[in-house]
Structures are given as C-alpha cells and as structure tokens.
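Okay, everyone, thanks for coming.

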Amino acid sequence: MKLYNTLSRSIEDFKPIDENLVKMYTCGPTVYNYAHLGNLRMYIHEDVLEKTLRYIGYPVKRVMNITDVGHLESDADDGEDKMLKGAKRENKTVWEIAQHYTDAFFTDIEKLNIKKADVVAKATDYIDKYIEFIKGLEKKGFTYMANGNVYFDITKVENYTKLSGMDLDQLRTASREDVDVDVHKKNPQDFVLWFTKSKFENQAMKWDSPWGVGYPGWHIECSVISLVNLGEQMDIHCGGVDHIPVHHTNEIAQTESYTGKEWVKYWWHGEFLIDNDGKMSKSSGEFLTLSLIEKKGFNPLSYRYFVLNSHYRKQLAFSFDSLASAENAYTKLKSRVKAILENADNKEANEQAAERYKEEFKKCLEDDLNTANAITVLFDMLKTDDLNNSQKLDIVADFEKVLSLDLLKEEEIEIHDELAEYIEQMIQKRQDAKKNKDYQLADSIRAELLEKGIVLEDTRQGVNWKKIN
Ligand code: AMP
Ligand code: ZN
C-alpha cells in the first residue's frame, strides 16, 4: 500500500514494523462539546485507513484517547481551559460535561459506521503514568519549572520541527491564536507537562504530584497513552493537519526524548472540512453537527458517502446542497443494490471477472486511500454484464468491509426475518384456534396482525399473508 507520510513529505510504500500487528494511534476528541462535521470527517477517513489495513490482511491494534482534561483554547497551552469553558456554558461539572460529550461522540460515530478503536483511553485514567513520564523527562534534563508549572524545554531537542519542516519563526506564526500568551515560558514553543498553578481558580480536575496539586498538559496524554498501549514504537499516528505544527510536534519531542528512539514510522494527516467561513470550528458558537443534519432529514450515512467521495488530503467544502447531491447518489446506489438483492438470476458465475473487480477496488485503496475511485469501481461492478447477481452481492459485501455504507441493509433483513417468523407463528395459532372452534381467538389474531399492517388471505392451499402500506 502507498501512503503519504507527513514526516518525509512523500508517498511511501507502507511496511509495518511487525507484519503481525500494525500499531495505530488516533488523536481523539476533546469532549467539551459535540463533534462537528469536520471532526467527524477525520474519524471517517481514519476508519477507512484502519479498515483498509485489515482488508489487505494486516491485523491492527488501534488506540484512541478521549481528552477530558488539560486542553486549553490554544493548542500551544494558552487561553481558556476547554473543559471548564464547557462546564461554565452549561452550568455543569467538568465530569458531567466529559461524560455527556463522550457518550454523544460514540453515538455519532456509531451512526456513521465508524468502528470503535480497540483501546479507547480517557486522559484522566492515566494520571499516574503522566507523572512517571514527566519524572523521566525531568531526570534527563528536558524540563524546567516556572511559575508553578512544569515545562518542556524545546531547545533541548535536536530537530524539534522535523514533522512540520517549518523553522521556529514560521511555527510561531502558524500556531498563534487570539489568546493570552503565557509569559513564563523560556521559548514560545515550550509547552506545559504539568500545571500546578492554574490560572483558572475553579479548576475542578486536580491530582497530587511531586510538583504540587495540579493537572497534566494536553500533549502528554497521547504520548503516554500510546506508550502504555502500543509500546515504544508504532506504525501510524493519525490526526488532522492542524496538529502538525504544535500537538504532534510536541508529542514527538517529549516521546523521543523519553525513549531515545524514533517513535512513529508514518505520520498520517487528514485535511479540513471547511464551510463558507473557511475553517469549521466549535468555538465560534453555531457549528455543524451530525444531529443537525439528521434534524434536516439527512441520513448520517449520506454524510459518510459524501466524505468517502473526497480524498483525505484535500480540503472539502461543506454545503447542504452538496450533501443533498451526495444523498441522492447514495440513495441511487442503495436502490441499485436492492434491485440486485431482489432479483436472482441464473447466469453462470464468472470468477475471473469477480477477482478483477476486487483487485481494482483494492488497488484504489492501496493508492493512498483513493476512496472516490473505489466507489467508482463499485458502481462499475454493479452495472457490468460480466457477473451474475449473486456474485455482485458477494462483492458488495466484500467492499462493505471498508466502505461501511449499509448497502446490504442487513439489519432490515434480520428484522424482516424476525417479523416473518412471528407472523408464521400467529398463523399457526389461528389455525389451531379455528380447529378448536375458538373463532373469537382466531378473529382476534387476525385483527392483531392487521394492526401491524399484515393482511391474511385464506386460500385452499393454506394461509397467505401480505404487508400493506
Ligand atoms: P478536537 O476534538 O478539536 O481535538 O479535534 C478532533 C479531530 O478533528 C482532530 O484530529 C482535529 O485535527 C480534527 N479537526 C478539527 N477541525 C477539523 C475540520 N474542520 N475538518 C477536519 N478535521 C478537523
Ligand atoms: Zn494527540
């Protein structure tokens, strides 16, 4: 598989460190608000990456953190605390906010058929490990104390900016946001490992530490959670492009300083979903969520389809018009599959043709995850005369391992089967009642089924039923 690596700024052949287990880490949500469609775009592409790896035969272990502490408004540790901001906004405790938005996040990703990571780790569950990690960095001389906080000194690292390829001045401009800047840092890029002197008086999440009661900085969680769950080296670390200059750069600096080893082989970054105003953001008040598009009558999977038709390294502009076109195309795709599902044919199977389509599909994904082309292969496959319908359905099921668009609507078929079984049982019960001349019971069964939209027809060959409306 070919994959773009931010670290080398080129497309590379993907070769895992150990073929027996691909280790993958994805930066998770900060749970102070609902995920917006931009965040969800990222998780869809990451889901495709993981499923593609599995599709081509690699076992995968994926770890994701849930940021419920330490993330300030600016990724460079300035500004307000995001969790506190959420708590103030809603008049709740930070713990309640974290729980509510974590649940909401998992509801959203389930609706989008995004597989949950193998390990989901809440940042607040790893406090002891952060303390151990900071002590290690301290011992090696990478840290300093200022105004009660423990900072990481970026000048102690060789090639601090290797991921972004920027120089420090460029980096400063890239990460500058409209927030108060911490004057206690020796260098503007230094970042906090442990806060003891919070500027937020009502900071609710606090733990004891060798440096005083406080809480961890944001970047540390991804380093430590991955070290604990994936070991000292991993294959792929994912996140949005916004994380290249600060968050991931800091993750690399501290992790590699701690272990003395190269940490991540491939850095994978997804581009932004943008709206009319440019960057989509949660802090600007109104923002686009999955429930908003549902309220407007869209199927969440139309959004997945919309995203799959874009390339993860290109910006994608969101509008309700383009979502409507995607829903249109997605509905057509589903009805095409449904028509095949309902029409068995007795054409001879053509194994070679089937293999050809599967190969084509795989090739698109192996080409730096070209999902849009993979979907074109799906459409071509559904149209072709070279395959019989049962082969087509097998191939749809195969492609669905990655696309996850509910094209075979298995749930509905299952419900349908259950319903059919129930109807057959009721018919039998009615026949028994009739045999026992209990016509009242027989009639009540007929009425009960009718209420569910099922009409019974007594024929000489037995009882038939059909669904009305
Ligand atoms: P957050 O919850 O803000 O930490 O973001 C979660 C993920 O969404 C990160 O990987 C971000 O890089 C990514 N992200 C944030 N905004 C956007 C956007 N507009 N489009 C795509 N991804 C985004
Ligand atoms: Zn992270």
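Before the metal site, one term: donors here are N, O and S atoms within 2.8 Å of the metal. And keep in mind that this is a predicted model.

So, which residues are the protein donors of the zinc ion, ligand 2? They're Cys27 through SG, Cys222 through SG, His247 through NE2 and Glu251 through OE, and they lie 2.0 to 2.5 Å from the zinc. Along the sequence, the spacing of these donor residues reads C-x194-C-x24-H-x3-E. The two cysteines link distant parts of the chain: cysteine 27 sits in the loop between β3 and α1, while cysteine 222 is in helix α6, 195 residues apart. Both cysteine 27 and cysteine 222 are buried.

Next up, helix α3, residues 94–111. With 18 residues at 1.5 Å a residue, α3 should span 26 Å, and its end C-alpha atoms are 26 Å apart, so that agrees. Its buried residues include Val94, Ile97, Ala98, Tyr101 and Phe105. What do the buried residues of α3 pack against? That would be α1, β4, α2, β7 and α8. Just after α3, asparagine 113 takes a positive phi of about 55°.

Last, the strand β7. In a regular strand, side chains alternate between the two faces of the sheet. In β7, Val119 and Ala121 are on the covered face, with Val120 and Lys122 on the uncovered one. β7 pairs with β4 in the parallel sense over four bridges, and valine 120 of β7 is the bridge partner of methionine 64.

Technical notes
Residues numbered from 1 in each chain as written. Chains lettered and ligands numbered in written order. Predicted model: local features only at pLDDT ≥ 70, side-chain atom pairs only at ≥ 80, totals over all residues. Heavy atoms only, no water. Expected span 1.5 Å × (residues − 1). Buried < 20%, exposed > 50% of the residue type's maximum accessible area, 1.4 Å probe, protein only. Contact = heavy atoms within 4.5 Å. Donors = N, O, S within 2.8 Å, 3.2 Å for Na, K, Ca; no water. Pairing = 2+ DSSP bridges.
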